[in-house]
Amino acid sequence: MLITCPYCGPRDVIEFTYQGDGNRERPDPASQNFEAWNAYVYDRLNPAGDHNEIWQHSGGCRAHLRVVRNTLTHEILSVAFIRGDHGRGDHTSAARRKAEGKS
Amino acid sequence: MMAEYSAFSLLANALKGNKDWKPAWRKPDPKASYDVVIIGGGGHGLATAYYLAKEHGITNVAVLEKGWLGSGNVGRNTTAVRSNYLLPANTRFYEHSMKLWENLSHELNYNVMFSQRGCLNLAHTPAQFDDYARRGNAMRHLGVDAELMTPARIKRLIPALDISDSARFPVVGGLMQRRAGTARHDAVAWGYARGADRRGVDIIENCEVTGFLRDGDSITGVTTSRGDIRAKKVAVAVAGSTGRVMQLAGIERMPIESHVLQAFVTESLKPFIDTVVTFGMGHFYMSQSDKGGLIYGGDIDGYNSYAQRGNLPIVDEVMSEMLALFPGLARVRMLRSWGGVCDMSMDGSPIITTGPLPGMYLNCGWCYGGFKATPASGWCFAWTIAKDQPHDLNAPFTLDRFHRGLVIDDKGQGANPRLH
Amino acid sequence: MSPRRTDIGGRIDRVKTIRFTFDGAPYTGHAGDTLASALLAKGVTLFGRSFKYHRPRGLLTAGVEEPNALVTVLKGEVREPNIPATMVEIHDGLVAISQNRFPSLAWDINAVNQLGGKILSAGFYYKTFMGPAFGPLKGTRFWMFCEHFIRRAAGLGSAGSAKDPARYERMNAFCDVLVVGSGPAGLMAAKAAADQGARVMLADLEPRFGGSANWSDETIDGAPAADWARRIVAQLEGRDNIRLLPRTTVWGYYDNNTLAALERVSDHKEQPGKGEPRHRYWAIRAKSVVLATGAFERPLVFPGNDRPGVMLAHAAERYANEFGVLPGERIALFTNNDSAYRAAVALKKAGAAVVAIADIRPELSPEMRKLAAEAEAEIFAGHAVVATEGGKALSGLKLQRFDMTNGAPIGDARSIHADCLLMSGGWSPTIHLASQAGAKAEWNAARQAFLPPKPTQKWIGAGAFTGSFSTLEALAEGRAAGLAAAGGQSTPSVLPTVEAVPGDPDPAPVFEIRAKGKSFVDFQHDVTAEDVRLAHREGFVSVEHLKRYTTLGMATDQGKSSNVPGLAIMAEALGKPIPEVGTTRFRPPFAPVSIGSLAAERFGDLKPERLTPMHDWHLANGATMYSAGLWYRPMIYGLAGETIEQAYVREAKATRETAGIVDVSTLGKIAVQGPDAAAFLDRVYTNMFSTLAVGKARYGLMLREDGLAFDDGTTWRLGEQDFLMTTTTANAGKVMQHLEYFLDVIWPDLKVHVTSVTDEWAGAAIGGPKAREILAACVTGTSVDNATLPFMGIVRGEISDVPVMICRLSFSGEMAFEVYSGAGHGTHVWEALIEAGRPFGLVTYGLEALGTMRIEKGHVTGAEIDGRTTARDLHLDWMLSKKKPFIGSAMMDREGLIAADRLELVGLVALDNRPLNGGAHIVEEVDEANPHGSIGHITACCYSPALGKHIALALVKDGKARQGTRANVSDPLRNRFGPVEIVSNHFFDPDGSRMHG
Amino acid sequence: MVERQSPLDPEFHVGSHGNFEHGVEIILTETQPGSIVQLAAWPGEEKKLISAIRTVTGLALPDGAGGGLSDGVKSVFGFAPGKFTVADEAEGLAAAFAKVVTPAIGTITDLSHGRTAIRIAGPKAEWVLAKFFAIDFSLPAFPVGAGRSTAHHDVFAQIQRTGADQFDIYVFRSFARSFWKALCHASEEVGYEVQ
């Protein structure tokens with residue numbers, strides 16, 4: 001399986017650490033809503049199909065990525081930095097493609 | 001009534017050219033309603049049906065299987081049977097399973113080839129040896145057999161094992177459970193199917209559950225690819241498909257992730273290893289089948305999957321650990337690999353419970369320990385369904401234990417399924 | 001009459017003679033021979049014994065699908081079992097032996113199994129061996145007794161235990177187009193893609209590129225096909241955008257076009273080159289794949305079809321044309337399709353007599369009749385072979401008229417004298433990789449075969465793989481596939497011309513001749529047509545049940561030739577068409593793969609070694625090293641004659657009396673930097689860090705999200721926005737990922753960077769009553785007195801001209817200091833400290849003494865923070881700040897985590913003055929015969945030189961309340977029982993006066 | 001000045017090794033830069049950091065993820081979003097950056113001791129590295145000057161291509177000897193020289 005890291009390009013799954021279901025909402029740190037805390041810590045969406053999940057490129061740039069991946073076929077539909085845009089446009093995958101196209 | 005299996009019946013049939021053998025189980029059409037419908041024709045579902053009939057006299061039961069019987073993890077595992085757990089709730093439950101295993105072939109009149117050849121956990125540091133001692137002592141204090149072994153004894157037991165000091169992780173000892181062993185996985189499914197069928201249970205293959213029939217909150221039956229089936233009680237025993245089936249019941253989130261676990265077998269070899277062995281500095285386990293193939297596996301791939309297929313990193317990892325223990329296997333060849341979908345729970349322990357909806361009963365969260373649990377899982381689940389309350393043995397395996405902080409975390413990894 | 005080498009022809013090098021042995025007997029062959037062809041050329045027809053009945057078996061095939069001719073190749077002590085003789089290239093010194101026979105291949109005692117006949121039918125073992133339900137053989141005992149003998153009779157070759165000295169390597173590759181298979185389709189595809197400028201890899205499992213061109217007798221562009229193939233290969237060899245991989249089996253098609261291949265680099269050589277691997281495992285990430293993997297010929301199922309001398313038709317053609325070997329002198333053919341006629345002509349040309357062609361089909365085309373005439377073979381249209389004759393070699397066969405409408409032989413049998421029978425049951429495209437890639441095969445009724453469906457990953461098929469069996473089609477499809485895979489446009493140009501014998505690709509839909517006798521479907525596993533019908537009778541009718549119940553297709557050849565015939569027989573029994581029975585989904589590997597190659601990327605070491613900067617010093621100074629995760633740390637610095645216990649007791653005692661020094665470089669160290677660093681640490685730790693002054697350190701505790709204890713360590717504030725966090729050695733990586741997760745995913749607004757600096761710093765902890773004096777003697781640039789360097793204070797200075805950072809902290813209860821220097825200066829500083837300490841009696845100590853002193857002090861570590869304990873369980877609740885939320889604070893008070901019967905940390909003192917054992921349990925009352933009633937267990941133990949007692953830390957139910965009471969250790973595993981006193985975990989310096997000093 | 005100890009010492013054997021009879025195709029060496037620092041910008045401050053890098057080193061970073069360059073004395077490359085590794089033959093790089101990289105721009109982490117720089121050069125450099133790392137080493141995919149973060153099992157590596165057939169590999173010091181031994185082992189097939 002290959003995951004295309006927006007910074008590093010396509011990399012083998014061995015470089016990544018799976019951090020699970022990306023649909024969980026962490027309650028406010030001071031929240032005493034135990035229902036919400038329990039749901040956040042223990043309950044998971046576990047769909048057979050497209051799954052919104054978190055991966056860390058731990059063997060590369062170490063960024064966390066939001067990956068939409070099909071759990072029936074392992075097809076990867078999208079990958080994005082979880083932290084949002086990192087400021088410089090030229091450090092995105094679009095710029096990377098551009099750079100590779102030039103060389 | 002079908003003929004008993006025996007050496008005599010084998011001979012008598014052979015003389016007649018094997019023309020008189022009957023199907024091991026019938027292929028009935030589903031009835032409109034049952035007392036109990038069990039979703040999932042795998043090991044656990046079939047065992048549940050068998051024990052419902054045998055222990056509780058409930059025979060108006062259907063087992064619904066989406067594909068072919070036993071197509072899930074009961075036919076996709078590495079066949080190890082053991083009860084060498086750390087925490088008492090697990091040890092008690094798996095020991096009950098062990099006791100059922102020990103008489104299973106007789107009980108089912110079907111040779112499931114349960115072979116108590118022992119399971120040895122190798123320790124590679126003194127600290128790990130102490131950990132295994134803790135576990136072994138925990139077992140002994142619950143009446144389960146366990147013993148520690150020295151490297152010299154281990155070498156006598158498994159001559160092909162590298163116990164030299166030059167190994168990257170030398171063997172300093174091991175924890176042995178002699179009563180552990182292996183069984184022929186498919187035979188367990190077939191034996192339970194035949195046993196349940198002989199007691200009147202309808203086993204219905206190629207029957208996919210597509211939804212639940214409800215009366216308010218209560219579950220009153222299922223809709224299937226072969227029509228609606230009403231039931232007083234609906235039991236779910238679908239392992240890796242738990243998430244999918246529970247979603248049909250409107251329960252979106254569960255303390256479960258479905259992961260793929262790969263397993264491997266080599267070409268047939270003359271006897272090479274007489275016990276089940278596990279590696280302590282990684283995740284690797286191996287035994288040899290009666291046919292001669294080395295059957296082995298390691299960690300789950302570590303991501304959600306329903307695909308019954310894995311990827312190369314685990315393949316490479318498992319083979320590397322295998323060679324670290326058995327350097328003589330470099331030229332032996334991996335013949336087949338396959339993937340099973342495991343229902344990884346948040347603490348690595350299973351769930352056998354009433355609910356979570358009225359009229360529903362749930363059996364899941366087996367991680368990759370489900371095969372050895374088959375008899376006790378069916379036995380406890382049948383009890384729970386019949387009596388509408390858990391047996392003492394499965395009372396700790398509730399669904400709400402996570403929220404209440406009553407987790408049973410044998411590995412101490414917390415709510416991180418890929419690490420259990 | 002027997003097989004022999006032809007006088008001319010073949011692609012072997014007749015000038016080069018090669019010597020090898022088989023079962024101890026010397027043989028010769030030629031360069032280019034396989035073990036199969038070389039032995040066959042010497043008249044050998046018996047190659048192996050079958051799995052169950054130990055029937056004598058000869059060559060069925062000439063390739064990777066061979067089920068019968070399995071051998072063990074020996075390289076000294078190292079054994080390579082179960083290798084098809086058809087895949088072994090001979091070389092001087094090759095030693096091969098047959099297997100699964102005793103005492104010899106010709107006389108095998110287990111052949112007696114054949115007498116078991118119908119008793120040993122499919123699945124018989126499920127129905128017996130249960131043994132008595134009571135008595136001495138109850139339970140599993142009878143089965144295990146039988147199993148002992150069954151296991152010894154089963155199995156094929158033997159594995160050894162000697163370590164393989166050969167080298168295995170892993171190679172990562174990236175390409176635009178991977179072409180699998182180098183027949184005419186594959187060659188055209190590779191050339192077309194390479195012409196487009198794409199990065200191309202071409203792999204073929206055979207040593208010679210060309211596939212069927214090597215033995216087809218066809219011409220391409222006017223030249224013999226083999227010459228054409230060689231010309232194309234030569235063109236490709238000259239290009240730098242293509243990598244050619246002969247002897248390379250692409251065995252796995254994984255996700256996102258990741259493919260796995262095995263290159264047999266030096267198996268065919270007497271000696272590999274220096275540093276040259278035996279196998280190279282290619283992990284290939286291909287943008288696009290061309291599957292040109294050809295097709296496998298199928299056997300026909302009829303009585304006696306397994307007798308040595310019965311062979312697939314194309315295999316005989318290969319032996320004749322590629323290896324110059326005739327598999328027999330008097331050859332008969334049995335076919336349901338046209339392709340076998342080509343073989344008849346080829347063998348006739350090569351010098352054999354083709355005595356008969358039995359064709360199931362009553363009507364034959366004029367072209368086939370013409371080919372038969374060319375081969376001077378008598379045609380028996382509408383006939384079938386119903387029996388074979390001979391012992392361990394074929395001597396003849398029986399023909400009968402065959403009625404295709406009901407599948408029954410009719411009329412009188414006719415005997416034919418022949419020493420070789422070729423059969424062809426049609427062809428199955430080699431769709432394994434496409435199936436692995438996720439696609440479900442589709443049945444094609446005309447071809448009577450499963451064809452690849454629409455791709456689910458990025459591959460394009462070409463040639464026989466797609467069911468296009470003619471060379472002309474292969475060339476056209478190959479070129480189109482290569483172009484498309486490279487993203488090129490098709491330009492109209494002339495395809496090579498092909499001269500080939502004609503033939504209809506569609507066989508007659510007949511797979512089995514039902515006549516009296518054993519008809520084999522799976523040759524290696526001895527699965528007969530009757531076994532398939534028995535499975536049907538017993539309800540094992542789905543394709544997976546059929547496979548699992550009969551073991552059909554589970555042998556080393558993975559059912560390459562038996563799958564479709566088996567399905568067809570089941571379909572007939574069910575009265576359903578074949579596709580309704582289903583098809584097995586193929587899984588990796590396509591062909592068996594050496595485990596050595598799969599482990600290759602570790603370079604012979606499972607895990608890398610992690611070494612501290614002072615590692616070599618420790619080794620040179622008598623340390624016994626301990627493997628801790630990937631790290632190596634000194635366990636003791638033993639003196640001559642000391643036991644481990646004597647050594648650590650001496651080291652710990654000396655440390656408490658004077659001073660000791662220990663290497664703590666392995667502690668995880670994380671730089672936490674940025675304007676929000678302090679706020680971040682407040683959220684990560686249970687206690688406050690924003691209040692920590694610059695130049696001071698604080699001990700911190702982290703919880704997991706679920707409220708359980710996670711890790712502990714000190715964190716040093718080096719600047720307003722600059723912290724140095726330390727973690728336990730074992731958890732360094734986990735803590736790093738934990739911090740990164742929260743910064744990236746949960747709190748992206750925090751301006752904090754975390755960086756692993758574990759390796760930047762060498763750490764030496766020096767402690768004991770003389771520690772400060774020793775430092776004072778060697779540290780320059782700062783004072784180390786109590787005012788300048790108070791408890792938990794940090795100073796910077798120099799030791800022996802090297803900058804150091806010193807923090808005064810202690811886990812031993814002694815006044816102690818951690819001295820950090822740049823890792824490259826670690827040994828220099830360490831030696832300077834040792835030198836400065838010499839007059840004071842400074843000792844070096846290892847992990848055992850470190851552990852002893854921390855147990856005496858009652859300080860927790862990984863054995864207690866084991867993922868199941870809470871801060872309260874460990875009496876660390878004083879660290880849980882009530883002023884702020886932190887990770888785990890919301891979850892840490894759930895009912896299960898504050899229950900009264902939880903295991904809590906205590907100290908134990910052995911009252912019988914005997915050593916305690918890690919992992920021993922604690923009970924109220926000892927019951928040696930029937931241990932029960934565990935209330936906890938020992939997590940760590942030692943002999944305490946400070947107390948003069950055997951002590952331990954333990955987790956005990958309701959432990960706090962039990963302090964001051966007695967209990968017992970119960971360690972049935974090591975037969976150690978005895979009384980202990982339960983005490984506080986703080987054995988030594990409970991008020992901290994020594995370390996605060 | 002006290003000399004730094006190399007972690008490779010006992011396994012660093014100058015000379016030709018492996019299958020070198022037909023010439024060596026790999027040259028291995030340790031470059032021992034005086035300074036290695038990691039620079040990390042806060043989101044939005046990357047341009048200022050890049051300009052600070054130019055001020056201190058005189059090297060103008062090209063656009064693009066993993067972009068970098070080397071003048072033979074100083075080297076710089078991006079290895080993660082907003083993060084850069086800078087190496088210099090001289091010591092004191094961290095102090096020099098401390099003057100220009102203000103806390104508002106980002107952080108400086110001195111790794112001069114913590115990372116070991118190993119250089120592999122020669123016509124088979126790509127071939128040997130491909131045995132370890134699952135990244136595409138071909139020149140079009142990995143241009144001269146560019147950097148990559150990757151890993152071989154437990155060994156993290158930052159790799160900069162400093163020539164058409166030359167790569168500088170930065171590994172954690174504690175893993176350096178193990179990695180070096182594996183690198184030598186993997187180079188035997190093609191013959192290598194340690195300089």
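Modeller: Let's start with a pairing: strand 9 of chain B, residues 209-215, runs antiparallel to strand 10 of chain B, and six bridges link the two. Bear in mind that this is a predicted model. One bridge you can pick out by eye is the one that ties B:G211 to B:T223, the latter sitting in strand 10 of chain B. The turn between these two strands is a hairpin with two residues between the strands, and there B:G216 takes a positive phi near 65°.

Strand 10 of chain B also pairs with strand 11 of chain B, residues 227-236, again in the antiparallel sense, this time over four bridges. Here B:V222 has B:I229 in strand 11 of chain B as its bridge partner. The link from strand 10 of chain B to strand 11 of chain B is a hairpin too, made through two residues.

How many of the seven residues of strand 10 of chain B are buried? Six of them are, so this strand, which covers residues 218-224, is largely enclosed by the rest of the structure. For that count, buried means under 20% relative accessible area.

Staying in chain B for a moment, have a look at strand 13 (residues 256-268) and strand 16 (residues 293-304), which pair in the antiparallel sense over six bridges. B:L261 is bridged to B:I300 in strand 16 of chain B. Both strands belong to an open sheet of nine strands with mixed pairing, and its order is 5(B)-6(B)-4(B)-14(B)-15(B)-16(B)-13(B)-17(B)-34(C). At the edges stand strand 5 (147-149) of chain B and strand 34 (593-594) of chain C, each with a single partner strand, so one side of each has no neighbour in the sheet.

Now for the chains. Five pairs of chains touch, and the pair with the most contacts is B and C. Chains B and D, on the other hand, do not touch, and their nearest C-alpha atoms lie 10 Å apart.

That brings us to chain C. It has 997 residues, of which 66% count as buried, and it holds 24 helices and 54 strands. Along the principal axes, its C-alpha atoms fill a box of roughly 110 × 75 × 55 Å. If you take the contacts in chain C between residues at least 6 apart in sequence, 66% of them join residues at least 24 apart.

C:T430 sits in the loop between strand 27 (427-429) and helix 9 (432-436) of chain C, and its relative accessible area of 4% makes it buried. Leaving out residues up to four places away in sequence, C:T430 touches C:T293, C:G294, C:A295, C:F296, C:F465 and C:F590. From C:T430 to C:L120 is 310 residues in sequence and 32 Å in space, C-alpha to C-alpha. The other one, C:Q448, lies in the loop between strand 28 (442-444) and strand 29 (449-451) of chain C. With 10% relative accessibility, C:Q448 is buried as well. Its contacts, again not counting residues up to four places away in sequence, are C:R298, C:W443, C:P507, C:P509, C:F511 and C:V564.

Last, some helix packing. Two packed helices are described by the angle between their axes and the distance between the axes. For helix 11 (residues 529-537) and helix 12 (residues 543-550) of chain C, the axes come within 10 Å and cross at roughly 120°. That angle makes helix 11 of chain C oblique to helix 12 of chain C, and the crossing is right-handed. On the helix 11 side C:D531, C:V532 and C:A535 make the contact, and they meet C:L546, C:Y549 and C:T550 of helix 12 in chain C. By class, the residues in this contact are four nonpolar, one polar and one charged.

The axes of helix 17 (residues 644-657) and helix 22 (residues 847-857) of chain C come within 8 Å and cross at roughly 60°. Helix 17 of chain C is therefore oblique to helix 22 of chain C, and this crossing is right-handed. Among the residues that meet are C:I644 and C:Y648 from helix 17 of chain C, and C:A849 and C:M853 from helix 22 of chain C. The whole contact between helix 17 and helix 22 of chain C has five nonpolar, two polar and four charged residues.

Technical notes:
Residues are numbered from 1 along each chain as its sequence is written. Chains are lettered from A and ligands numbered from 1 in the order in which they are written. This is a predicted model: local features need pLDDT of at least 70, side-chain atom pairs count only at pLDDT 80 or more; totals for chains, interfaces and linings use all residues. Side-chain values use heavy atoms; hydrogens and water are left out. Buried means under 20% relative accessible area, exposed over 50%, partly exposed in between (1.4 Å probe, protein chains only). Two strands pair if DSSP finds at least two bridges between them. Contact means heavy atoms within 4.5 Å. Axes are lines fitted to C-alpha atoms, for helices over the stretch in contact, and angles run from 0 to 180 degrees between N-to-C directions. Angles under 35 degrees count as roughly parallel, over 145 as roughly antiparallel, 65 to 115 as roughly perpendicular and the rest as oblique. A crossing is left-handed if the near helix is turned anticlockwise from the far one by less than a right angle, and right-handed if clockwise. Ala, Val, Leu, Ile, Met, Phe, Trp, Tyr, Cys and Pro count as nonpolar, Asp, Glu, Lys and Arg as charged, and the others, Gly among them, as polar.
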